[in-house]
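Subject: Model for you, with notes on salt bridges

Hi,

Here is the structure I promised. Please open it alongside the notes below.

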Amino acid sequence: MNLQDALAALTTSLESLNRDDVTMTPRVDGDELTVTVRSTDVDALRGFDVVAQPLPSEERTPDDLAHDITEVVERELMYGQLAATGEDGEFKRIVV
């Protein structure tokens with residue numbers, strides 16, 4: 001799968017979730033497509049990361065992958081309270 005095609009589809013898909021209080025940064029890093037979601041409140045930087053590592057054997061298209069990632073981001077944002085970093089200092093990581 002061409003991750004650059006998935007990135008383009010994801011960038012378009014994430015526009016529908018645009019919120020002033022949240023930044024969503026999609027990027028390709030090697031064989032991973034990652035969306036970093038962050039929000040700053042008075043207490044801390046909060047957020048999560050959604051990561052996709054598609055296998056060559058998967059039959060998802062770039063549009064399918066973008067849709068799956070967008071659904072996860074949307075579901076996490078619906079919870080309303082974004083988590084701060086965990087005990088290990090890392091943000092929650094969700095693998096799609």
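Glu58 is partly exposed, at 27% relative accessible area (buried means under 20%, exposed over 50%, partly exposed in between, with a 1.4 Å probe and protein chains only). The Glu58 side chain meets that of Arg60 in a salt bridge, 2.8 Å from N to O. By salt bridge I mean a side-chain nitrogen of Lys or Arg within 4 Å of a carboxyl oxygen of Asp or Glu.

Arg60 also pairs with Asp68, where the closest N and O atoms are 2.8 Å apart. Asp68 is partly exposed, with 24% relative accessibility. Shared partners link Glu58, Arg60 and Asp68 into one salt-bridge network.

This is a predicted model: local features need pLDDT of at least 70, side-chain atom pairs count only at pLDDT 80 or more, and totals for chains, interfaces and linings use all residues. Residues are numbered from 1 along each chain as its sequence is written, and side-chain values use heavy atoms, leaving out hydrogens and water.

Now the other pair. Arg38 and Asp49 form a salt bridge through their side chains, 3.0 Å from N to O. Arg38 sits in strand S2 (residues 32–40) and Asp49 in strand S3 (residues 45–52), so the bridge ties together parts 11 residues apart in sequence. Strands here are DSSP runs of E, at least two residues, numbered from the N terminus. Arg38 is buried, at 16% relative accessible area. Asp49 is buried too, with a value of 16%.

How many salt bridges does a search of the whole structure find? Six.

Best wishes

Key:
Helix = DSSP H or I, 4+ residues; strand = E, 2+ residues; numbered from the N terminus.
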